[in-house]
Amino acid sequence: MTVKLGFIGFGEVAFEMSKGFGTEGIKGIVAFDPMADDPTYGPLVHERAKIADVTLLSAPADVIRAADVIIAATPGSKALQAAAAVRPFIGGSKIYADVSTSSPPIKQQIAELLKPTGAGFVDGGLMGALTIKQHKVPTLVSGSGTDRFIELMAPFHMSLQKVSDRAGDAIAIKLVRSVYMKGIASLQTEMLEAASMLKVEDKVLASISDMLDASSFVNTMNFLVTASAVHAERQAHEMSDCVAMLKDIGIDPIMTEATKQHLNRLTGKKLKDRFHGRVPQKWEEVINALND
């Protein structure tokens, strides 16, 4: 089985995926990138294309004509614009898979934009590190073209999991996950900056490790969320002291200030009264109380 594959956008995502597809025997991959002629970024685009054995074409329409499966790997802010540019040229048997991090409403707009063409649309959410997994990165998919996309690409060892036939559902999962993944990375950076400045990083990391390594992620998350529901007022006061300390040593406490604001919100919801001073058993109880 073979497939004619093309990319709209040839940044890191398309580059890593193309290298992976090359190991699967897919030849003749084509791509268009608007930065190919840019004096600053153009040389990198051409270098990557050469490494991945990808042919750069001069216009999005050329990619559509040459490929059966088109993977749009543009910045999220350019996703709708990219789809509009190919709409006059795409149709029938083509699959257009958008793996950008644009929002669910944008993915839905792209699906509606392409629907009259008859092309299948796939909303893809990449759920891992491309530099490690390349084309095998776990990918959630939804939209009208999902089943056909899986049929065509799974033989090349793409790790595809169908979410639904509705565009936007796949990327919604990725973005909610990113709230945690990107947020915790930012929080860790702020913590490490303070620990290093105070020269207490070894003791701080050992203490955190003892707690986080003691149980599963789900159990630890449940403990932290349910405890905060009842102890939010005390914890908010503690975070005020943290904010003051960070400012004193010259660190902008962006994440710490946000934590304090969140705990003040919990306090304002009077969750301690709702739970009669007892820590609830499950995190779902806290979330349901916040949504009441």
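Among contacts in the chain between residues at least 6 apart in sequence, what share joins residues at least 24 apart? The share is 65%, with a contact taken as heavy atoms within 4.5 Å.

This is a predicted model, in which local features need pLDDT of at least 70, side-chain atom pairs count only at pLDDT 80 or more, and totals for chains, interfaces and linings use all residues. Residues are numbered from 1 along each chain as its sequence is written, and side-chain values use heavy atoms, leaving out hydrogens and water.

Start with the overall build. The chain has 13 helices and eight strands. These are DSSP runs numbered from the N terminus: helices are H or I with at least four residues, strands E with at least two. The C-alpha trace spans about 65 × 45 × 30 Å along its principal axes. Of the 292 residues, 41% count as buried, meaning under 20% relative accessible area with a 1.4 Å probe and protein chains only.

Now the surface. Its accessible area is about 15,900 Å², by the Shrake-Rupley method with a 1.4 Å probe. Carbon and sulfur atoms hold 56% of that area.

Ile 208, Met 211, Leu 212, Phe 223 and Leu 224 form the patch, with about 440 Å² of accessible area together. Helix H9 (201-212) and helix H10 (217-248) each give two or more residues to the patch. H9 supplies the largest share, three residues. Nonpolar side chains (Val, Leu, Ile, Met, Phe, Trp, Tyr) are joined within 5 Å, like charges within 9 Å.

Take Leu 212, in helix H9. Leu 212 counts as partly exposed because its relative accessibility is 46%, between the 20% limit for buried and the 50% limit for exposed.

Note on methods
Patches are made of residues with over 30% relative accessible area and no salt bridge: like charges are joined within 9 Å, nonpolar side chains (Val, Leu, Ile, Met, Phe, Trp, Tyr) within 5 Å. A salt bridge is a side-chain nitrogen of Lys or Arg within 4 Å of a carboxyl oxygen of Asp or Glu.
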